[in-house]
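These notes are meant for someone opening the model for the first time. They go through the contact between the chains and then the packing of particular helices.

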Amino acid sequence: MIPLAYELLVSAALFCIGLYGVLARRNAIIVLLSIEIMLNASILNFVAFSWGSGNPSGQVFALLGIAVAAAEAAVGLAVFLSIYQTHGSIDLDQIRFLKW
Amino acid sequence: MDVDWEFIAFLVLSVFEVAGSILVVINKRLVRAAFWLALTLVTIGAIYLLFLSEFIFIIQILVYAGAVPVLVVFGIMLTRRRIMDEPGRGGVVMLREFTIVLAVAALFGVMAVSFLAPVSWPQSATAIPVYNPPPTSSPGIANSLFDSFAIAVILIAVLLGSAMIGGVYLAKMDEPGKVGP
């Protein structure tokens, strides 16, 4: 029997590590991987609460979250690769053509 | 003495998971970060197994641990090597990282206290309006997926298909400087 609070702690740690990656790193692909870590932390919570409450609806939402995260990774990577080819860099401090 | 092996397995997997994710965010080399991400995703899948969610475990291994790191690694390897490098960092960047570490640690502290303190969280699941299992069968995940949430499955398929096509459209480039076909 796994205490749910411990799972929540692990999930919170994963989320905070991912948040650090999103805020601190400047390489866009590392930021994308960090977003994946954050999404996984939330999906882990869905599965754990589904197990804790005996209600399989949480697994359905976990499945939806996994599909959305995979789509986000594919589109994000495509966007960053084409930005790299047009601008020669994916440093998030240098990509500022959407700012004025 | 009765040893709770499930809990021990959970703790070991959690250590691997947190260490792997830390190595993802602090790694300077993109390819190594992608492989550490694969380790993190596989251990998260193993935790799904501990939570008796075998179907989500399979999906996690197939979609996440299989596809996402391979996608990232191939995306990096098919471009030039310079995409892996990160420019050198000065004192201002170090100060910013230190501030971010402090802020994230404070956020984790707030969450940890709220999880471990005796807060009266709701103990039973709130009824979701669209969830209505048939009274004669046990409410399994397939019941939910293909009965109550059938439209969600269709939307997942449409979303994944359109995202992949959109990714190909964005990444395809015939002449330099021109995005899209």
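1. A polar contact, as the term is used here, is a pair of N or O atoms within 3.5 Å, where within protein one atom must be able to donate a hydrogen and the other to accept it. Between chain A and chain B of this predicted model, the count is 6 residue pairs in polar contact, with both residues at pLDDT 80 or more. For salt bridges across the interface of chain A and chain B, the rule finds 0.

2. As for the extent of the interface, 67 residues of chain A are in contact with 80 residues of chain B. The two chains, A and B, bury about 6700 Å² between them, and 77% of that area lies on carbon and sulfur atoms. Within chain A, the residues that lose the most area to chain B are A:Ile2, A:Tyr20 and A:Tyr84, which together make up 10% of what that side buries.

3. Which elements give two or more residues to the side of chain A that touches chain B? They are α1 (4–24), α2 (28–53) and α3 (57–87) of chain A, and α3(A) gives the most, with 24 residues. Sorted by class, the residues on this side of chain A comprise 49 nonpolar, 12 polar and 6 charged.

4. The contact of α1(A) with α1(B) divides into 13 nonpolar, 3 polar and 2 charged residues.

5. Inside chain B, the axes of helix α2 (residues 30–50) and helix α3 (residues 54–77) come within 9 Å and cross at roughly 175°, so α2(B) is roughly antiparallel to α3(B). Their contact, that of α2(B) with α3(B), has 23 nonpolar, 2 polar and 1 charged residues.

Conventions:
Residues numbered from 1 in each chain as written. Chains lettered and ligands numbered in written order. Predicted model: local features only at pLDDT ≥ 70, side-chain atom pairs only at ≥ 80, totals over all residues. Heavy atoms only, no water. Contact = heavy atoms within 4.5 Å. Buried area = accessible area lost by both parts, 1.4 Å probe. Salt bridge = Lys/Arg side-chain N within 4 Å of Asp/Glu carboxyl O. Polar contact = N/O pair within 3.5 Å; in protein donor to acceptor, adjacent residues only side chain to side chain. Helix = DSSP H or I, 4+ residues; strand = E, 2+ residues; numbered from the N terminus. Nonpolar A, V, L, I, M, F, W, Y, C, P; charged D, E, K, R; others polar. Axes fitted to C-alpha atoms, helices over the stretch in contact; angles between N-to-C directions. Parallel < 35°, antiparallel > 145°, perpendicular 65-115°, else oblique.
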